Amino acid sequence: MTAVSEQTETDLADLVHDHQTNVWRYLRFLGATSADADDLVQETFLAISHSSFQQRSEHETAAYLRTVARNQLL
């Protein structure tokens with residue numbers, strides 16, 4: 001593994017750690033079952049990992065993650 005990919009993995013792990021619970025709660029608020037919310041959270045972060053997402057402010061990041069999660073639910 002290169003240093004770049006290790007840094008990317010660390011960034012993604014930090015992103016998941018910081019936002020996973022809030023994304024899950026948002027999906028439940030939208031009507032997803034508990035099991036579906038679990039799966040959709042994984043799909044949300046998987047989609048982020050395959051995109052050119054760049055983290056900005058905490059508020060912008062949370063809003064973007066909610067948008068991706070909502071699109072996964074739809």
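Which residues does T44 touch, not counting residues up to four places away in sequence? Four of them: L65, V68, A69 and Q72. Keep in mind that this is a predicted model.

Is T44 buried or exposed? Its relative accessibility is 0%, so T44 counts as buried; the cut-off for buried is under 20%.

Now the helix itself. α2 has 16 residues. From first C-alpha to last, α2 reaches 23 Å.

The buried residues in α2 are A37, L40, V41, T44, F45 and I48. Where do they sit around the helix? Looking down the axis of α2, they fall within an arc of 135°, so they line one face. An α-helix has 3.6 residues a turn, so residues three or four places apart point the same way.

Next, a contrast in α2. D38 is also found in this helix. With a relative accessibility of 41%, D38 counts as partly exposed, because that class runs between the 20% and 50% cut-offs. D38 and W24 are 14 residues apart along the chain. Their C-alpha atoms are separated by 6.8 Å.

Over to helix α1, residues 3-29. H19 is found there. H19 is buried, because its relative accessible area is 4%. What is H19 in contact with, leaving aside neighbours within four places in sequence? The list is F45, Q55, E58, T61, A62 and L65. Two names on that list have come up already. F45 is one of the buried residues of α2. L65 is one of the residues that T44 touches.

Last stop, the largest pocket. Its volume is about 240 Å³. Which residues line this pocket? They are T8, D11, L12, L15, I48, S49, S51, F53 and Q55. Two elements give two or more residues to the lining, α1 and α2. The largest share, four residues, comes from α1.

I48, in the lining, is among the buried residues of α2. Q55, also in the lining, is in contact with H19.

To wrap up. H19 is buried in α1. α1 also gives the largest pocket the largest share of its lining.

Methods
Residues numbered from 1 in each chain as written. Predicted model: local features only at pLDDT ≥ 70, side-chain atom pairs only at ≥ 80, totals over all residues. Heavy atoms only, no water. Buried < 20%, exposed > 50% of the residue type's maximum accessible area, 1.4 Å probe, protein only. Contact = heavy atoms within 4.5 Å. Expected span 1.5 Å × (residues − 1). Arc of directions from axis to C-beta. 1 Å grid on protein atoms, 1.4 Å probe; cavity = no way out; pocket = protein on both sides within 12 Å on 5 of 7 lines; lining within 4 Å. Points joined across faces, edges and corners; volume = space filled by probe spheres on them.
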